[in-house]
Amino acid sequence: MKLYRTRTQEEYDWLMEELKAEGYEWDQGVSPTEDRYTHHFNFYKNQTVIWAGEYYRGSDSITYADVDLAIEEYPDEPIIEVSELMEKDPLVTKIEERNNKSYQEQLKELTEPLDLINHHKDICKKLNRLYADKNHDYGNSFGKTYEKYGDISALVRISDKMNRIEQLVESGEQKVTDEALEDSLLDMANYLMMWAMELEEEK
């Protein structure tokens, strides 16, 4: 037998969800979260104690009473405070932590993913402009060499660009200006995208 003390409707509702998940039912064989049983808390309010265990139907049944009766019936059984159980619940803890944060902190949490998505969108636009400019200047040289040599041609270009990036990073040249490194990264990204485009055309 376990005795649970619920001091608020919120604690009562939380406990009913937990007991339902554990397979408990009211002594009438009804689910703990059944709407017509949510009013039980109103009878004893903050004195409400839920009994879970062997009472009427067996080890999976629950019933309710007030604190005095629970102590009288089970003087040696500790009464568990539901509020303490809720504090250990990760979801409750997360909600409480969020509620304790300032408006600016909450706003940052909500908008930061959008900022990252917009930043990614801006870089994709830059990639598209770079692709258009180079395609205008050099034509579809990537597509022509790919058509002639296949995947190996794309791999060679990407490997060359990767070697250039490694050289910039290892030499520390990018510390003087990030432009050379960024240009190489954007070129490599476009090579990967063009390779993906060629693969899609082959389907």
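Predicted model: local features only at pLDDT ≥ 70, side-chain atom pairs only at ≥ 80, totals over all residues.
Local features need pLDDT of at least 70 and side-chain atom pairs count only at pLDDT 80 or more, while totals for chains, interfaces and linings use all residues. Residues are numbered from 1 along each chain as its sequence is written, and side-chain values use heavy atoms, without hydrogens and water.

**Exercise 1.** Describe how helix α7 and helix α8 cross.

Solution. Helices are DSSP runs (H or I, at least four residues; strands are E, at least two), numbered from the N terminus. The axes of α7 (residues 141–149) and α8 (residues 151–171) come within 6 Å and cross at roughly 130°. Axes are lines fitted to C-alpha atoms, for helices over the stretch in contact, with angles from 0 to 180 degrees between N-to-C directions. α7 is therefore oblique to α8; under 35 degrees counts as roughly parallel, over 145 as roughly antiparallel, 65 to 115 as roughly perpendicular, and the rest as oblique.

**Exercise 2.** Locate the salt bridge between R7 and E81.

Solution. A salt bridge is a side-chain nitrogen of Lys or Arg within 4 Å of a carboxyl oxygen of Asp or Glu. The count comes to four. In the R7–E81 bridge, the N to O distance is 2.9 Å. R7 lies in the loop between β1 (2–6) and α1 (9–21) and E81 in strand β5 (residues 79–81), so the pair ties together parts 74 residues apart in sequence.
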